[in-house]
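Colleague: I'd like a close look at one part of this model, with a bit of context around it. Could you walk me through it?

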2 protein chains.
Amino acid sequence: MAQKPSIPKGTRDFSPVEVAKRSYIMNVIKSQFQLFGFHPIETPSFENSDTLMGKYGEEGDRLIFKILNSGDFLNKVDEALYSSKNSTKITTKISEKALRYDLTVPFARYVVQHQNEIDFPFKRYQMQPVWRADRPQKGRFREFYQCDADVVGSTSLWQEVDFVKLYDAVFTKLKLEGVTIKINNRKILSGIAEVIGASDKLIDFTVALDKLDKIGEEGVKKEMLNKGISETAIESVKPLFNFTGTTSEKLDKLRNMLASSEEGMQGVEELQFIINAFKEIPLETAILDLDVTLARGLNYYTGAIFEVSAPDTVKMGSIGGGGRYDDLTGIFGLKNISGVGISFGLDRIYLVLEELELFPETVAPSTKALFINFGEEEAFYCLKAVNLLRNDNIIAELYPDNAKMKKQMGYANKRAIPYVVLAGSSEINNNTFTVKDMRSGTQKEMDLKELKELLR
Amino acid sequence: MAQKPSIPKGTRDFSPVEVAKRSYIMNVIKSQFQLFGFHPIETPSFENSDTLMGKYGEEGDRLIFKILNSGDFLNKVDEALYSSKNSTKITTKISEKALRYDLTVPFARYVVQHQNEIDFPFKRYQMQPVWRADRPQKGRFREFYQCDADVVGSTSLWQEVDFVKLYDAVFTKLKLEGVTIKINNRKILSGIAEVIGASDKLIDFTVALDKLDKIGEEGVKKEMLNKGISETAIESVKPLFNFTGTTSEKLDKLRNMLASSEEGMQGVEELQFIINAFKEIPLETAILDLDVTLARGLNYYTGAIFEVSAPDTVKMGSIGGGGRYDDLTGIFGLKNISGVGISFGLDRIYLVLEELELFPETVAPSTKALFINFGEEEAFYCLKAVNLLRNDNIIAELYPDNAKMKKQMGYANKRAIPYVVLAGSSEINNNTFTVKDMRSGTQKEMDLKELKELLR
């Protein structure tokens, strides 16, 4: 095979620097998950197909990566079906497993399968890759990590409060200040649908309303009319066209507007509960904002809906999202288990931190000293010192080959190793080392104890 | 879907305790990889099929999980081929990607693809899952982690020395004392093949010799004769039947025995170099042993061969292995790049630590205090305290629901949370908390500052 090797489109190799930066983000998220009392689980990369299929809609089913059965898999396809050459139908006969498409469905499966071992409410986090046969584009990959925290087995709104605080804590620790945590409630959206008398137009309505900033009130109204929403309906939700003020003021407007909708009013009360909590529990750096156009996962969430956007200075879609789903595990036969959870978008957070130069200068441990290799005897003398330094947790390396000095120094330079250690027969006789500071260029002879002090 | 959900055979869910224990092992390995100057990379879970196929032999090709192309994949199969219904041939038309089978081939692909960004010698580590459609059995799974460290771009034997030391360091840190690092050299095996005059019988020879402990010299010789190895041949390697003593003594025996084989003698010298180093660089807890029956990866390794076995008190196969391969990247068109590396068997190490009870008592951070939920006002009072504790990195939680006291206490008990915090109207008025020590059962009223001190 002489052609230059490559990787499948939509996938990525990560270099040491990239792995270190990704680990930095994941470690911050993980430590906050733990601080908030979440416990990690892991599920297999592939699930039985019937666990995944039909859970993400028709589009989702198409985007799930299917794994071919082993052996003579075509043997199991009967002649009638085989002669149809129908890819979709034959797939179910030649593929029994599929790659994880998200972490939520495997988590629901886990909860049902292990329900007798779990103490509810169960607070779990999970950080694993997922795969989607999506068309790759900037910031969208076929393999990417999800970082999720969810609680199942309690309907308490204190959890929504905790999740807002968790978002605030993570982004504060990442020094990404000024993110906006947008919050909405599915019941408010249902209330709006009731008030406009057209639940089938709800998506069109929120999509149009979301353009208020860009196309103005008249533009939005025009789009709504075009989508078949009546003038009367638009008039009945007039307050949404001037939806400003504090979150409390916004809630008052909604309370007036949705007075006729029982479900809508319940949504208002739920949001009021969460927003009240933050009058006394301060957010460190995030901004909590009520956004009635927030309609993500409409077919999925039943209560709170969250979405986090990066500070305005960065052009980037949402960097996190989540919400409450009242019947998480029903699809696997365990009814009435409410869940609520949030997710962090690792790849986008990475791009934001990169753009704002928020990664710490050193995201990974790096070699403190490179010992130059002058030949077998000198190398052996150095390797003994290297091992003693490592016993003190100091990262040190011997250059493996007796290569030209220039090559060895170049290696230290390229890897930004701050000290180079040289030992020839003179140093060996004195039981010392000559240490070169690569930044200043100065050299000094010292014994191992002094070297340890220097490198610590 | 009412049937109880399950996962594909050979795969596993990991509970919070299991994830914590696995992370403990992986963190120890990772920190030693870093201390020895290795840098992490990650490669995609699936590769183009032609990157993987043909690299692991016929058996390997069968065990690679193939991913079905998306869309109307059968459309690409021409009628003649389709009518053959030949699973193997049709696979290449309906599947272009496959799940990673090990970390070595993707690493070789990575090195070739990124050769212009890499500073050689390149020391990389990689800890990611791999997948094999093997028949599942105890300790063998279809999805499992590999933890590999390799150096490419140098033929120096100092690296073999470093890898022995790395094994010693990792197992010492894991408190798994007394592992045996078995070492051999492919060239010694070639020398033996030369001396017995039958290179095609080498595997039969080493397999038989390996049974010396169990079936004795006569048994081994009988098996060798049955396999077609001549009496003369057996006579010529007589020293192997009484292959005892120090590693240096063993080397002397080999030197005599293999004097006629140039390659064999080179193997002896290479081993001598490594063994000499450990006369002055002490191993902390591991035992280095020369084992001429060690023939793992015979078609693959060209120099040193390593294998680590658990202490004799545990029945377990190898818990690590590796070696040198002189032409790692040749399969992808980059010639003459020597590599040497080792691997840690996470699942088996886990079983060994479990059996010997070597996991630390606390492998994961755990909740220090559970605040009882007596209703909205009390919960809010508690949640404010919970957030202040978290600011000090103390893991604290509010029970989300105003459930029966017994249920909340039961939750604390099951999760082994050491302190339960109670606050009713009296505590709220006093700005205090009543704290119950779950081990002793004693209770005490205190303010937040005292509570922080207690939990820290």
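Which residues does A:Y301 touch, not counting residues up to four places away in sequence?

Modeller: Happy to, and keep in mind that this is a predicted model. Leaving out residues up to four places away in sequence, A:Y301 touches A:R186, A:R296, A:G322, A:G323, A:R324 and A:Y325. Its place is in the loop between β8 and β9 of chain A. A:Y301 counts as buried because its relative accessible area is 11%, and the cut-off for buried is under 20%.

Now look at A:Y300, which lies in the loop between β8 (287-290) and β9 (304-309) of chain A. A:Y300 is partly exposed, with a relative accessible area of 36%. Setting aside neighbours within four places in sequence, A:Y300 is in contact with A:T104 and A:Y325. A:Y325 also turns up among the contacts of A:Y301.

As for annotation, an unreviewed UniProt entry puts a "binding site" feature at A:D102, A:L103, A:T104, A:R132, A:Q146, A:D150, A:R296, A:Y300 and A:Y301. So how does that record sit with the contacts? A:R296, which A:Y301 touches, is one of the positions listed in the record.

How much confidence does the predictor give? Chain A averages a pLDDT of 94, and 99% of the residues score at least 70. For the complex, the predictor gives an ipTM of 0.94 and a pTM of 0.95.

B:R142 is placed in the loop between β5 (122-131) and β6 (143-152) of that chain. B:R142 is buried yet has no salt bridge, and the nearest side chain of opposite charge, B:D134, is 7.4 Å away.

Last, the cysteines. A search of the whole structure finds 0 disulfides over all chains. The sulfur of A:C147 has its closest cysteine sulfur 20 Å away, in B:C147, which is too far for a bond. A:C147 counts as buried, at 0% relative accessibility, and B:C147 is likewise buried at 0%.

Terms used. Residues are numbered from 1 along each chain as its sequence is written. Chains are lettered from A and ligands numbered from 1 in the order in which they are written. This is a predicted model: local features need pLDDT of at least 70, side-chain atom pairs count only at pLDDT 80 or more; totals for chains, interfaces and linings use all residues. Side-chain values use heavy atoms; hydrogens and water are left out. Helices (H or I, at least four residues) and strands (E, at least two) are DSSP runs, numbered from the N terminus. Buried means under 20% relative accessible area, exposed over 50%, partly exposed in between (1.4 Å probe, protein chains only). Lys and Arg count as positive and Asp and Glu as negative; His and the chain ends are not counted. A salt bridge is a side-chain nitrogen of Lys or Arg within 4 Å of a carboxyl oxygen of Asp or Glu. A disulfide is a pair of cysteine sulfur atoms within 2.5 Å. UniProt positions are given in the numbering used here, feature names are shortened, and annotations may be inferred rather than shown by experiment. Contact means heavy atoms within 4.5 Å. pLDDT is the predictor's confidence in each residue, from 0 to 100.
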